[in-house]
Amino acid sequence: MNNATLFAIGAYFALMLGIGLYAWRKSTSDSSEYLLSGRSLGPAVTALAAGASDMSGWLMLGLPGAIYVSGLAESWIGIGLFFGAWANWVLVAPRLREQTERLGALTIPEFLGNRFADQSHILRIVASLVIVVFFAVYSASGLVAGGKLFESAFGLSYQTGLWVTASVVVAYVVLGGFLAVSLTDFVQGTIMMIALVALPLVALGNFNEGASAADVLRDIDPAMLSLFGGTSLLGVISAAAWGLGYFGQPHIIVRFMAIRSVRDIPTARFIGLAWMLISLTGAIAVGLVGRAWFTAHATPIDDPETVFILLGQVLLHPLALGFLLSAILAAIMSTISAQLLVTGSSLTEDFYRLFVRRDAGEREIVTVGRLSVVAVAAVAMILAQNPNGSVLGLVSNAWAGFGAAFGPVILLSLMWPRMTLGGALVGMVAGALVVIVWIQAGLSATLYELVPGFAAAMLAIVAVSLAAPEPKEIAHG
């Protein structure tokens with residue numbers, strides 16, 4: 001590994017840890033600060049934090065790899081995600097920000113429990129269990145991406161990659177909490193966007209002199225340049241249905257809870273969607289241009305999910321390559337950090353404070369939150385031991401689990417006063433179970449498990465709520 005590349009990577013790690021130290025000094029005095037940054041984030045930080053924590057390693061590895069193999073038909077995932085993100089900003093963001101503050105909720109399970117005045121805490125417990133289980137898998141997918149990066153780009157072992165990725169992320173999350181995660185996500189999102197735009201442009205400029213983008217792509221199988229090439233209607237629905245998952249992603253929607261004012265949400269929405277459109281377009285371009293480049297040079301790729309890395313190794317100066325690799329680390333670490341903090345928050349607020357120490361002091365809660373982050377990271381490390389796991393595959397399973405379990409519950413709890421506690425509980429369980437059964441039955445290749453899971457949850461909520469007496473008091477207001 002060239003010294004210039006190592007310098008760039010080292011500078012990136014130092015910056016992330018420096019942000020963690022800054023946040024530690026500024027906002028870790030109590031649980032509200034550590035878990036939600038005192039609801040004080042500006043629109044730009046909120047927007048890029050939501051985007052960076054959303055996209056993860058699949059944006060730099062999984063999506064370009066899928067485009068490299070199957071062509072533009074795989075871009076339906078990106079199309080679905082863009083419109084899903086827009087709907088999330090419009091339907092969920094302002095309502096969740098207002099209601100969670102009014103109900104005094106620091107976590108999604110706490111919001112649901114307070115929204116339905118659940119004295120038994122059963123809804124809060126089930127919601128917390130779903131978060132812990134699915135985020136363990138989701139975090140593992142990020143560590144797999146980190147391990148692959150260190151193995152393919154640095155020539156180090158997969159295990160070394162796991163340990164380095166996990167150690168740096170855990171360090172700044174433990175130190176600085178929500179503020180550290182949000183500020184690092186802002187920086188990481190900026191790095192990711194620049195790299196995704198720059199790499200395909202550099203690649204196009206390094207083909208034969210005078211060759212246009214059309215000339216470069218001419219030799220690719222025409223079916224790969226079609227949105228419908230090699231896919232079916234169910235395939236398109238499955239890919240575009242990723243957008244449904246946004247409503248139920250705790251690590252994304254918790255950012256809406258932390259923005260400083262509902263009035264800032266339109267600005268944040270514009271910034272976030274612009275960032276997302278640019279970044280998704282860049283990832284798709286990397287896959288197509290990478291396919292053209294390696295085909296033209298008769299160079300096979302063993303693992304398509306490394307096309308972003310390999311293209312950078314061939315084309316970029318060592319210092320620029322270090323920046324590129326930092327962008328991949330940024331994508332990976334931004335999502336892992338958000339997931340670890342949300343899971344640690346749930347273990348702290350929805351288990352420890354609720355059942356172990358109701359009268360725990362603020363300093364104790366912050367300490368327990370930090371220990372919870374370390375514990376969840378350890379579980380994710382165990383799950384990530386298989387280096388052959390597909391990043392996109394792991395992410396798709398976890399995304400579907402959250403989208404089906406939480407998506408309909410969050411949407412209807414915010415927008416439908418007639419919804420009942422029983423409806424929320426049955427809907428959440430139905431969504432999660434249908435996703436798990438669908439995956440185990442091997443039906444995901446026919447239709448993405450999020451679709452039947454989301455539909456089952458929505459139907460269960462409506463049916464159970466309408467069958468019960470209308471709530472006398474509605475916290476929703």
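This is a short walk through one predicted model, from the whole chain down to a few single residues.

Residues are numbered from 1 along each chain as its sequence is written, and side-chain values use heavy atoms, with hydrogens and water left out.

So, the big picture. The chain has 17 helices and zero strands; those are DSSP runs numbered from the N terminus, with helices being H or I of at least four residues and strands being E of at least two. The C-alpha trace spans about 70 × 50 × 40 Å along its principal axes. How does the radius of gyration agree with a compact globule? For 477 residues such a globule would come out near 23 Å, and the chain has 22 Å, so the two agree. That radius is taken over C-alpha atoms, and the globule rule is 2.2 Å times the number of residues to the power 0.38.

What about burial? Of the 477 residues, 58% count as buried. Buried here is under 20% relative accessible area, exposed is over 50%, and partly exposed is in between, with a 1.4 Å probe and protein chains only. The chain exposes about 17,600 Å², and carbon and sulfur atoms supply 67% of that. Those areas come from the Shrake-Rupley method with a 1.4 Å probe, and for residues only the protein chains shown count as cover.

Contacts next, meaning heavy atoms within 4.5 Å. Take the contacts between residues at least 6 apart in sequence: 85% of them join residues at least 24 apart.

Now let's zoom in on one helix pair. Helix 7, residues 158-205, packs against helix 11, residues 265-296, at an angle of about 35°, and their axes are 8 Å apart. The axes are lines fitted to C-alpha atoms, for helices over the stretch in contact, and angles run from 0 to 180 degrees between N-to-C directions. Which hand does the crossing of helix 7 and helix 11 have? It is left-handed, which means the near helix is turned anticlockwise from the far one by less than a right angle; clockwise would be right-handed.

On the helix 7 side, the residues that meet helix 11 include Gly-189, Met-193, Leu-196 and Pro-200. Their counterparts in helix 11 include Trp-275, Ile-278, Gly-282 and Trp-293. The residues of this contact divide into 15 nonpolar, four polar and no charged. For that count, Ala, Val, Leu, Ile, Met, Phe, Trp, Tyr, Cys and Pro are nonpolar, Asp, Glu, Lys and Arg are charged, and the others, Gly among them, are polar.

Let's stay on helix 7 and look at Met-193. Leaving out residues up to four places away in sequence, Met-193 touches Trp-275, Ile-278 and Ser-279. Met-193 and Ile-278 are 85 residues apart along the chain, yet their C-alpha atoms are separated by 6.9 Å. Met-193 has a relative accessible area of 22%, so it is partly exposed.

Ala-195 also lies in helix 7, but with a relative accessible area of 2% Ala-195 is buried. Ala-327 is 132 residues away in sequence and 6.4 Å away in space, C-alpha to C-alpha.

Over to helix 17, residues 450-467, where we find Ile-461. Is Ile-461 buried or exposed? Buried, because its relative accessible area is 0%. Among the residues Ile-461 touches are Pro-408, Leu-412, Trp-416 and Gly-427.

Then there's Val-126 in helix 6, residues 122-153. Val-126 touches Leu-425, Met-428 and Val-429, again not counting residues up to four places away. Val-126 and Val-429 are 303 residues apart in sequence and 7.9 Å apart in space, C-alpha to C-alpha.

Most residues other than glycine have a negative phi. In the loop between helix 5 (108-115) and helix 6 sits Ala-117, with a positive phi of about 50°. His-121 is in the loop between helix 5 and helix 6 too, and its phi is positive at about 65°. Ala-117 counts as exposed, because its relative accessibility is 52%.

Technical notes
Predicted model: local features only at pLDDT ≥ 70, side-chain atom pairs only at ≥ 80, totals over all residues.
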